[in-house]
Structure formats: C-alpha cells, structure tokens
Amino acid sequence: MKNFYDFIVIGAGISGCTFASSLNKRFSKDSILLIEHGRRLGGRATTRKSRKNKNLKFDHGLPSINFSNNVSKDILTLISPLIDSKKLVDISNDILMMDELGFLNDSYPKTKTYKSLPFMVDFCEEIINQSINPKKINFLFQTLVKSIHRKNELWNIEVNNGCILKSKYFILSSSLIAHPRCLEILDIRKLPLREAFNLGQDKIVDYLLQKTKKLTYLKRKIYILHVSNHAAVLNFNYKYLQIVFSKKIETNLNFERIIFQIQPDGTMVIVLHCVYVNKLIVIDSDNVIKSLFSLFINYPKFLDLILEASLIDTMDWRASQPLNNLLPKELQWSETSNIGFCGDWFNWRNCGSLESAMNSSIRLAQLLT
Ligand SMILES: Cc1cc2nc3c(=O)[nH]c(=O)nc-3n(C[C@H](O)[C@H](O)[C@H](O)COP(=O)(O)OP(=O)(O)OC[C@H]3O[C@@H](n4cnc5c(N)ncnc54)[C@H](O)[C@@H]3O)c2cc1C
C-alpha cells in the first residue's frame with residue numbers, strides 16, 4: 001500500500017462516500033484514501049451480520065432515507081439512477097404510526113422515504129460506483145486515526161498500527177474526531193484535531209473546534225429480535241413494515257420505531273429503535289418483548305410474531321444524530337491549511353441529518369478548485 005495520496009478522508013459513511021464520488025467526478029486523476037474505523041462502508045447507515053446466526057443480515061443504524069421537498073439538484077442527480085434501477089425504493093406506504101393508545105394508522109407524513117436495496121450499506125457502494133475513475137478511490141478499513149500533524153505543507157495521519165499516511169489535502173467527514181465525545185467513543189486520549197493546531201494558527205479551524213465542542217447528540221439503542229417460526233412469519237402478511245411510535249410512547253419507553261423485515265430464508269428480523277438524550281430507560285430482553293406485547297395487544301398477528309421473537313443482538317449508537325448547535329457551512333474549508341469538513345454536523349436549512357451530510361459533502365467537493 002502506498003503512503004501518499006492527494007486526499008485523505010476520515011470516514012467512509014454517507015458523507016465520506018458522497019465526497020469521494022463528487023470529487024472523483026471533478027478531479028478524476030487525484031488519488032483519494034478513505035480511512036474507516038469500521039469494517040465496511042456506511043458508518044451510521046451500515047448493515048451487519050448477526051453474530052449468532054451468520055445467515056441473518058440487517059440494517060442496525062439509519063433504517064430509511066428521507067429527503068426534504070426542496071432536495072438539491074445535485075442529490076437528485078446521485079439518487080435518480082438508483083430510484084430508476086430500484087436500488088432505492090419508496091417505502092412511504094410501508095410506514096404506519098402507532099398512537100398513544102396502541103392503535104395503528106397511516107397518518108405518517110407522505111414525504112418520500114426510501115429504503116436502499118438490498119441493504120443500507122449498498123447506498124454508499126452505489127454512490128462510490130457513480131464515480132468516473134473508481135480506481136483512484138482507496139479504502140482502509142478497521143483503521144483508527146490516532147493523530148494528525150501538518151508538516152512541510154503535508155498532512156501526516158498516524159493510524160492505530162503506527163503507520164503514517166501523507167496527503168496534500170485532508171478531509172474530516174465525522175464530527176467525532178473534533179468533539180470531546182470521541183475520547184470516550186473512539187477510546188483515544190487526546191483530541192486529534194486540536195492537537196494538530198496551535199491556537200491562532202488557523203481561524204477557521206479554531207472557530208470550528210470551538211463550535212463543535214457545543215454540539216449535542218441524540219443517542220440510540222437498537223434491539224434486534226429474530227423470529228424463526230416460518231408459520232408466524234407467513235401469517236404476518238407484511239414483508240417489510242416500519243411503525244413509528246407516538247411521542248408519548250417515545251417519552252414513556254424510549255421506543256422510537258420498529259421495523260419488521262422478512263429474511264431470504266423466510267424468517268423475520270425485527271429491529272426496535274430506542275431514542276434518548278440523557279438517560280435510557282434500561283430494559284432487559286424479557287421486558288423488551290413484554291413491552292412490545294402490551295403495545296400491540298390490539299393486533300393478534302403482531303402478538304403471534306412477538307411471542308415467537310428472541311433477542312439476538314443490540315447496538316448502542318452513542319452519537320447517532322447531532323441535535324443542536326450545528327455548524328455554518330462557511331466553516332467547511334480552510335485554504336490556509338488545506339483542510340475540509342463535511343457531514344451532518346453542518347446546518348442545511350430544513351434538511352434532516354442525512355440530507356445535510358450529503359449536501360455538505362457535495363458542496364465541499366465543489367469548493368475545491
Ligand atoms: C439508529 C440511527 C437512526 C438514524 N435515523 C435518522 C433519521 O431518521 N433521519 C436522518 O436524517 N438521520 C438519521 N440518522 C443519522 C444518519 O444516519 C447520519 O446523519 C448519517 O448516516 C451521517 O453520515 P456521515 O457519513 O456524515 O457520518 P458517519 O456515518 O458517522 O460516518 C463517519 C465515519 O467516520 C468513521 N470515523 C470516525 N472517527 C474515525 C477515526 N478516528 N478513524 C477512522 N474512522 C473514523 C466512523 O467509523 C464512521 O463510519 C440515524 C442514525 C442512526 C445511527
């Protein structure tokens with residue numbers, strides 16, 4: 001593996017992939033390396049195999065993709081071929097709401113909500129596939145960036161195996177490495193971006209670091225249940241269904257939404273999302289199933305399924321979505337240090353996290369001349 005690239009990007013989630021693909025369309029000869037802590041593409045929009053049953057695969061992060069009514073032309077250019085080829089499918093008719101009394105209705109706002117097929121991780125892959133010269137986009141998985149230094153106009157990136165990678169331009173697609181939460185989440189001792197700059201050296205970076213410290217995050221815990229009883233799954237009628245719980249249920253139980261998805265082998269995976277800001281109501285596996293049972297008491301087909309369900313996995317997202325104190329887009333690029341930033345920590349008017357992440361990544365690639 002070579003150790004010099006034109007661009008080094010931290011993160012291979014939707015932002016890193018959108019940036020790499022957009023940049024490659026403009027500068028197809030420039031080499032890019034995406035360094036990713038996880039095992040595969042996707043970041044918070046990734047897919048995983050069950051540890052207990054290797055045949056089961058499910059999305060355990062972002063479950064579906066929403067765009068605002070004013071989605072940008074650039075995003076439309078990226079997603080239209082995927083919609084045409086049915087790799088992104090509209091699931092707005094497969095989403096129901098559960099009111100506080102436990103009754104289901106179809107009042108979920110009929111904005112376009114998509115699911116990436118077969119899995120969320122494929123969305124990132126498809127974005128990368130749209131680049132002009134994919135050979136110039138390289139990946140380094142299961143690699144944690146530990147420290148960053150700028151020396152003789154080059155970026156020196158030290159990763160966890162001690163290797164030092166160099167680049168002319170450096171892009172940060174995750175707020176984590178600039179935010180104090182990274183010390184806990186990534187289990188590192190110092191804030192790598194702060195370490196790379198002396199105060200007063202780069203006004204944009206100073207301001208970005210100061211603003212980033214104030215970012216707060218929504219956290220999520222995901223419970224993954226499996227139903228192996230084929231008869232209960234067949235009787236259920238739905239191959240895919242997402243139910244969004246009422247605000248009252250969310251406040252009382254932290255339950256945000258639940259997703260039922262049939263597996264190729266005829267069994268079913270049920271993914272329950274719990275959302276919280278400060279404290280999660282801790283529930284053990286028995287109580288998750290008991291709580292679901294009492295919520296779906298009006299619906300025998302759901303009860304049959306829940307009775308057959310067993311908990312197979314959990315996932316903690318300790319910074320699942322930025323909540324407030326988002327950053328202005330003027331902080332995306334510093335000419336002084338050849339460093340750029342993209343991701344859902346930037347504020348895009350009326351856009352959700354994922355759309356802001358994509359918009360900021362496309363804009364960053366356009367800023368480079
Ligand atoms: C459960 C869940 C539900 C969500 N629901 C919604 C929703 O309904 N609507 C919505 O708009 N958004 C939602 N989101 C948020 C949405 O998923 C994110 O906004 C989006 O995926 C952000 O993509 P990103 O590429 O900016 O960041 P990420 O996906 O976080 O990518 C950054 C990547 O950088 C890597 N990384 C970080 N530090 C290092 C390091 N030091 N070294 C190497 N790699 C590093 C990380 O491993 C990560 O893969 C949800 C997220 C979760 C987890």
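Ile65 has Tyr114, in strand E9, as its bridge partner. That pair belongs to a predicted model. The protein chain in this model is divided into two parts, domain 1 (4–80 + 121–215 + 325–367) and domain 2 (218–320). A ligand lies between them.

- Strand E5 and strand E9 (residues 113–116) pair in the antiparallel sense, over 2 bridges.
- E5 and E9 belong to an open sheet of 3 strands, in the order E5-E9-E6.
- The pairing in this sheet is antiparallel.
- Strand E5 (65–66) and strand E6 (88–90) are the edge strands, since each pairs on one side only.
- In general, strands of a sheet pair through backbone hydrogen bonds.

**The two domains**
- Taken over C-alpha atoms, the centres of domain 1 and domain 2 are separated by 31 Å.
- Domain 1 brings 15 residues to the contact, and domain 2 brings 17.
- On the side of domain 1 that touches domain 2, 5 residues are nonpolar, 6 are polar and 4 are charged.

**The ligand**
- The ligand is surrounded by 36 residues.
- Gly11, Gly13, Gly43, Gly352 and Ser353 are the closest.
- The shell holds 15 nonpolar, 17 polar and 4 charged residues.
- Two helices, H1 (14–26) and H11 (353–367), each supply at least two residues of the shell.
- Strand E14 (216–227) and strand E18 (309–324) also each supply at least two.
- Why does the ligand lie between domain 1 and domain 2? Both domains give residues to the shell around the ligand, so the ligand lies between them.

Note on methods
Residues are numbered from 1 along each chain as its sequence is written. This is a predicted model: local features need pLDDT of at least 70, side-chain atom pairs count only at pLDDT 80 or more; totals for chains, interfaces and linings use all residues. A residue is near a molecule or strand if its C-beta atom, placed from the backbone, lies within 6 Å of it. Helices (H or I, at least four residues) and strands (E, at least two) are DSSP runs, numbered from the N terminus. Ala, Val, Leu, Ile, Met, Phe, Trp, Tyr, Cys and Pro count as nonpolar, Asp, Glu, Lys and Arg as charged, and the others, Gly among them, as polar. Domain bounds come from an automatic or database domain assignment. Two strands pair if DSSP finds at least two bridges between them. Two residues are in contact if their C-beta atoms, placed from the backbone, lie within 7 Å.
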